[in-house]
Amino acid sequence: MLLELFQLSQRSLTRQKGIPRRTLVPFNTFATIANDGKTRIVAATILNRAPILTPTLEPFEEAYYDYQARLARAISTPLPTDAYFKPGSLLERRYALEERQREKAAFGQDFTPTIGLSVEETDKSGGKSLADQLEEEASLEEKPMPRRHRADEENDVKSLDRAGERNLYLLVKKPRKTNAWQFPQGGIEREEALHQAALRELKEECGPNMDVWIVGRQPVGHYGYAYPKDGKIENFDSAKVYFFKGHILAGQCKPDGKEITDFAWLTKQEIQKYVEPHYWEAVKDMLSDS
């Protein structure tokens, strides 16, 4: 059996030696215009700021997590307080009161505590009760910030702190009357790849103060359109835009005010109000609904 396998392997190697080697045909992977010579190739960046807050729970989700918390407390083994606290000590009463508050938060105010430790309402020495002390300590703790930022209240679309639960996308405005709002884009230079052109144009239009990451070297979509008769660029009749996904890691957009006059960080639904209908139909499936 081993001899037959060895002979078969030798035959296969002999056959492979007889196969002629493939010849590599060099070709140019960089192009600035389409094959028809009248369509300009353009690279654009869909720059995304990912959500910075977890989504707000729906009522059903809140009810589910509350049920799981009650179930976990119901089947958990009570802490053996005798092994951790001295009987009658302040720490024992403190733990009993905190545990009673946790159980009431889970099961309701009418729940009977499972730990039968005595909790004195007032201090024997006439000072503050333990419950008052815990309430005072809780008021001194640092409270979490509200989920709505000041930029949400002021509707500041230039702030990266707005809409913390949503994906935001950078939209820029060109100094023209029609098709003014779009994603940062521009033409390709010679010997330049598409993803390199997208990153270069993003820095030229929005400034070098952003730390961005272009996701991959292949576009996520494309969009073709014809130039108006009075708005042709270098005798091109049309353009084909290739979109690349990117993420902002730090910094902020700072346009020069000439090529780009304004910018905004918008959600998917807000973008529809800014761009033209044909542009929206081309890019809407490249954006996240959340």
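**A helix pair and the cores**

Leaving aside neighbours within four places in sequence, Phe107 is in contact with Arg70, Arg73 and Ala74, where contact means heavy atoms within 4.5 Å. This is a predicted model, in which local features need pLDDT of at least 70 and side-chain atom pairs count only at pLDDT 80 or more, while totals for chains, interfaces and linings use all residues. Residues are numbered from 1 along each chain as its sequence is written, and side-chain values use heavy atoms, with hydrogens and water left out.

Phe107 is found in helix 4. Helices (H or I, at least four residues) and strands (E, at least two) are DSSP runs, numbered from the N terminus. Phe107 is partly exposed, at a relative accessible area of 31%; buried means under 20% relative accessible area, exposed over 50%, and partly exposed in between (1.4 Å probe, protein chains only). Between Phe107 and Arg73 there are 34 residues' separation along the chain, and their C-alpha atoms are separated by 9.4 Å.

The contacts of Phe107 belong to a helix pair. Arg70, Arg73 and Ala74 in helix 2 meet Glu99, Arg102, Glu103, Ala106 and Phe107 in helix 4. Two packed helices are described by the angle between their axes and the distance between the axes. For helix 2 (residues 59–75) and helix 4 (residues 90–107), the axes come within 9 Å and cross at roughly 135°. That makes helix 2 oblique to helix 4. The axes are lines fitted to C-alpha atoms, for helices over the stretch in contact, and the angles run from 0 to 180 degrees between N-to-C directions. Angles under 35 degrees count as roughly parallel, over 145 as roughly antiparallel, 65 to 115 as roughly perpendicular and the rest as oblique. Helix 2 passes helix 4 in a left-handed crossing, that is, the near helix is turned anticlockwise from the far one by less than a right angle (right-handed if clockwise).

Now the protein as a whole. Its secondary structure comes to nine helices and eight strands. Of the 290 residues, 32% are buried. Among contacts between residues at least 6 apart in sequence, 69% join residues at least 24 apart. The accessible surface comes to about 20100 Å², and 53% of that belongs to carbon and sulfur atoms; these areas come from the Shrake-Rupley method with a 1.4 Å probe, and for residues only the protein chains shown count as cover.

What lies inside? In soluble globular proteins, nonpolar side chains tend to be buried together. A nonpolar core here is a set of buried Ala, Val, Leu, Ile, Met, Phe, Trp, Tyr and Cys residues joined through side-chain atoms within 4.5 Å. The largest such core has 25 residues, and Phe183, Phe243 and Ile271 have the most contacts inside it. At least two residues of this core come from each of strand 1 (39–49), strand 2 (168–173), strand 7 (238–251), strand 8 (262–266) and helix 9 (277–283). Helix 9 gives the largest share, four residues. Not counting residues up to four places away in sequence, Phe243 touches a set of residues including Ala44, Ile46, Phe183, Tyr279, Val283 and Met286.

A second, separate core of 15 residues includes Leu47, Ala163, Val212 and Phe263. Val212 is found in strand 5 (residues 210–214) and is buried, with a relative accessible area of 17%. Beyond four places in sequence, Val212 touches Leu47, Leu199, Leu202, His247 and Ile248. Leu199 lies 13 residues from Val212 along the chain, and their C-alpha atoms are separated by 8.5 Å.

At 16% relative accessibility Ala163 counts as buried, and its phi is near 50°, a positive value in a residue other than glycine. Asn155 is found in the loop between helix 6 (150–154) and strand 2. The phi of Asn155 is near 55°, a positive value in a residue other than glycine, and Asn155 is exposed, at 53% relative accessible area.

Strand 2 itself holds Tyr169, which is buried at a relative accessible area of 2%. Leaving aside neighbours within four places in sequence, the contacts of Tyr169 include Ile46, Leu47, Phe183, Trp265 and Ile271. Tyr169 and Ile271 are 102 residues apart along the chain, with their C-alpha atoms separated by 8.3 Å.
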